[in-house]
Amino acid sequence: MNTNKEKSAKESDKNKTTASAKDCAKLYFELAKQYQQNNKVAEAIAEYNKAIELEPENPEFYFQRGLSYLTTKEIEKFLEDFSTAKKIDPDGEFSKKVDQFYQDFFLTPNYHLYINYLLSA
């Protein structure tokens, strides 16, 4: 039978593991942003994938990866990531960023030219 101390120790270990996973996820995320800034989009997406694997409930990771997918013209993946960011936190910061992005995009003059560009392979 587990004592209170044993339960407490197990909980402490679990919390440390969770914190470590979040720390690693943040490192992958920061590395991904560096790759993105250096136009190494494939590498950025790979690092975003690692971050998401460790912290799948972080809407910022999906938002940023979605932007990377837009850069590579992977429109379905872009839309899926933006949708996921909104689902994770419907009233949060990244949900609002997604809404603002869509609003800005469709209010841009000649947005249809950009859509044609994205759809051309």
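Reply: Helices here are DSSP runs of H or I with at least four residues, numbered from the N terminus. On that basis, Asn39 lies in the loop between helix 1 (4-37) and helix 2 (41-54). The model is a predicted one.

Me: What is the secondary structure of the protein as a whole?

Reply: The protein has six helices and zero strands. Along the sequence the pattern reads α-α-α-α-α-α.

Me: Why does Asn39 count as exposed?

Reply: Exposed means over 50% relative accessible area. Asn39 has 66% relative accessibility, so Asn39 counts as exposed.

Me: Why is Lys73 called partly exposed?

Reply: Buried is under 20%, exposed is over 50%, and partly exposed is in between. The relative accessible area of Lys73 is 27%, so Lys73 is partly exposed.

Me: What makes helix 2 roughly antiparallel to helix 3?

Reply: Helix 2 and helix 3 pack at an angle of about 155°, and their axes are 10 Å apart. Angles over 145 degrees count as roughly antiparallel. Helix 2 is therefore roughly antiparallel to helix 3. The crossing of the two, helix 2 and helix 3, is left-handed.

Me: Which residues meet where helix 2 packs on helix 3?

Reply: From helix 2 there are Val41, Ala44, Ile45, Tyr48, Asn49, Ala51 and Ile52, and they meet Phe61, Tyr62, Gln64, Arg65, Ser68, Tyr69 and Thr71 in helix 3. The residues of this contact of helix 2 with helix 3 divide into nine nonpolar, four polar and one charged.

Me: Why are helix 3 and helix 4 called roughly antiparallel?

Reply: Helix 3 (residues 59-71) and helix 4 (residues 75-88) pack at about 165°, with axes 8 Å apart. The cut-off for roughly antiparallel is over 145 degrees. Helix 3 and helix 4 are therefore roughly antiparallel to each other. Helix 3 passes helix 4 in a left-handed crossing.

Me: Which residues bring helix 3 and helix 4 together?

Reply: Pro59, Tyr62, Phe63, Arg65, Gly66, Leu67, Tyr69 and Leu70 in helix 3 meet Ile75, Lys77, Phe78, Asp81, Phe82, Thr84, Ala85 and Ile88 in helix 4. By type, the residues of the contact of helix 3 with helix 4 are 11 nonpolar, two polar and three charged.

Me: What makes helix 4 oblique to helix 5?

Reply: The axes of helix 4 and helix 5 (residues 93-107) come within 8 Å and cross at roughly 140°. An angle over 145 degrees would count as roughly antiparallel, and 65 to 115 as roughly perpendicular; the rest, apart from angles under 35, are oblique. That makes helix 4 oblique to helix 5. Helix 4 passes helix 5 in a left-handed crossing.

Me: Which residues make the contact of helix 4 with helix 5?

Reply: Phe78, Leu79, Phe82, Ala85 and Lys86 of helix 4 make the contact with Ser95, Val98, Asp99, Phe101 and Tyr102 of helix 5. The residues of this contact of helix 4 with helix 5 divide into seven nonpolar, one polar and two charged.

Me: How do you know whether Tyr35 is buried or partly exposed?

Reply: Buried would need a value under 20%. Tyr35 has a relative accessible area of 24%, so Tyr35 is partly exposed. Tyr35 is found in helix 1.

Me: Which residues does Tyr35 touch, not counting residues up to four places away in sequence?

Reply: Tyr35 touches Lys40, Glu43, Ala44 and Glu47. Tyr35 and Ala46 are 11 residues apart in sequence, and their C-alpha atoms are 9.9 Å apart in space.

Me: What share of the protein is buried?

Reply: Buried residues make up 27% of the 121 residues in the protein.

Terms used: Residues are numbered from 1 along each chain as its sequence is written. This is a predicted model: local features need pLDDT of at least 70, side-chain atom pairs count only at pLDDT 80 or more; totals for chains, interfaces and linings use all residues. Side-chain values use heavy atoms; hydrogens and water are left out. Axes are lines fitted to C-alpha atoms, for helices over the stretch in contact, and angles run from 0 to 180 degrees between N-to-C directions. A crossing is left-handed if the near helix is turned anticlockwise from the far one by less than a right angle, and right-handed if clockwise. Contact means heavy atoms within 4.5 Å. Ala, Val, Leu, Ile, Met, Phe, Trp, Tyr, Cys and Pro count as nonpolar, Asp, Glu, Lys and Arg as charged, and the others, Gly among them, as polar. Buried means under 20% relative accessible area, exposed over 50%, partly exposed in between (1.4 Å probe, protein chains only).
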